[in-house]
Amino acid sequence: MSRTLVLVRHGQSEWNLKNLFTGWRDPDLTEKGHAEAKAAGEKLKARGLKFDIAFTSVLQRAQKTCQHILDCVGQSDLETIRDRALNERDYGDLSGLNKNDARLKWGEEQVHIWRRSYDVPPPNGESLKDTGARVWPYYLHTLQPHVLAGGTVLVAAHGNSLRALIMALDGLSGEEVTGLELGTGVPVIYRLNADSTVASKDILAD
Ligand SMILES: O=C(O)[C@@H](CO)OP(=O)(O)O
């Protein structure tokens with residue numbers, strides 16, 4: 001029984017590089033981002049991982065990361081489900097703005113609250129709590145059954161959609177999740193117990 005869940009934040013995107021709020025906008029990966037995604041795939045291959053199914057968002061930076069990983073592990077044609085439930089949090093009116101310009105306009109503290117607080121949404125966007133309200137039910141009803149059936153499941157998604165998922169898996173409080181940061185292209189491997197609790201967590205950082 002594998003009961004393995006692998007979470008990977010996409011590689012660096014063009015807008016990560018330009019330091020822009022991205023949210024539901026759809027920039028491509030940079031060269032570095034492609035390399036990070038391939039490196040994630042190589043790390044998973046080195047662990048001998050083979051997947052039963054993959055899940056990603058409807059945004060190309062996550063989809064391309066997912067495909068790089070599947071190519072690396074020799075499963076290019078694996079069934080892959082794309083769903084907006086796994087999209088990055090919607091950054092609302094901040095989408096497309098430079099993060100440093102936003103700090104100059106609204107102040108360091110306000111921008112940090114919008115980026116990392118649990119329940120304060122950016123203007124016309126989603127808080128992490130709002131994001132979790134779509135990610136967690138999707139996990140419970142669609143992803144988790146594959147894991148509990150003994151499968152090995154790949155999820156290639158986004159910084160904040162994965163923060164929301166990890167918050168629930170790790171049982172973090174709204175306070176604790178403010179300090180949770182995910183690196184681009186860093187795989188996080190969870191193994192679950194039969195009762196769906198977390199048996200182990202392994203972060204494949206460099
Ligand atoms: O812009 C975004 O969509 C996210 C992820 O890149 O940014 P942040 O880390 O500020 O939440």
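Me: Residues are in contact if their C-beta atoms, placed from the backbone, lie within 7 Å. Which residues does Glu88 touch, leaving out those up to four places away in sequence?

Reply: Glu88 touches Thr22, Gly23, Trp24, Leu59, His158, Gly159, Asn160 and Ser161. This is a predicted model, in which local features need pLDDT of at least 70, side-chain atom pairs count only at pLDDT 80 or more, and totals for chains, interfaces and linings use all residues. Residues are numbered from 1 along each chain as its sequence is written.

Me: Is Glu88 buried or exposed?

Reply: Glu88 is buried, because 27 C-beta neighbours lie inside 10 Å. (Buried means 20 or more other C-beta atoms within 10 Å, exposed 12 or fewer, partly exposed in between; C-beta atoms are placed from the backbone.)

Me: And where is Glu88 in the fold?

Reply: Glu88 is found in the loop between strand E3 (80-82) and helix H4 (99-106). Helices (H or I, at least four residues) and strands (E, at least two) are DSSP runs, numbered from the N terminus.

Me: New topic: which residues does the "active site" annotation cover?

Reply: The unreviewed UniProt entry places that annotation on His10 and Glu88. They are spread over 79 residues of sequence, yet cluster in space, with a largest C-alpha distance of 10.4 Å. Such annotations may be inferred rather than shown by experiment.

Me: Where is His10, then?

Reply: His10 occupies the loop between strand E1 (4-9) and helix H1 (14-18). His10 counts as buried because 30 other C-beta atoms are within 10 Å.

Me: What is His10 in contact with, beyond four places in sequence?

Reply: His10 contacts Leu29, Gly33, Ala37, Arg61, Ala62, Thr65, Ala156, His158 and Thr184.

Technical notes: Two residues are in contact if their C-beta atoms, placed from the backbone, lie within 7 Å.
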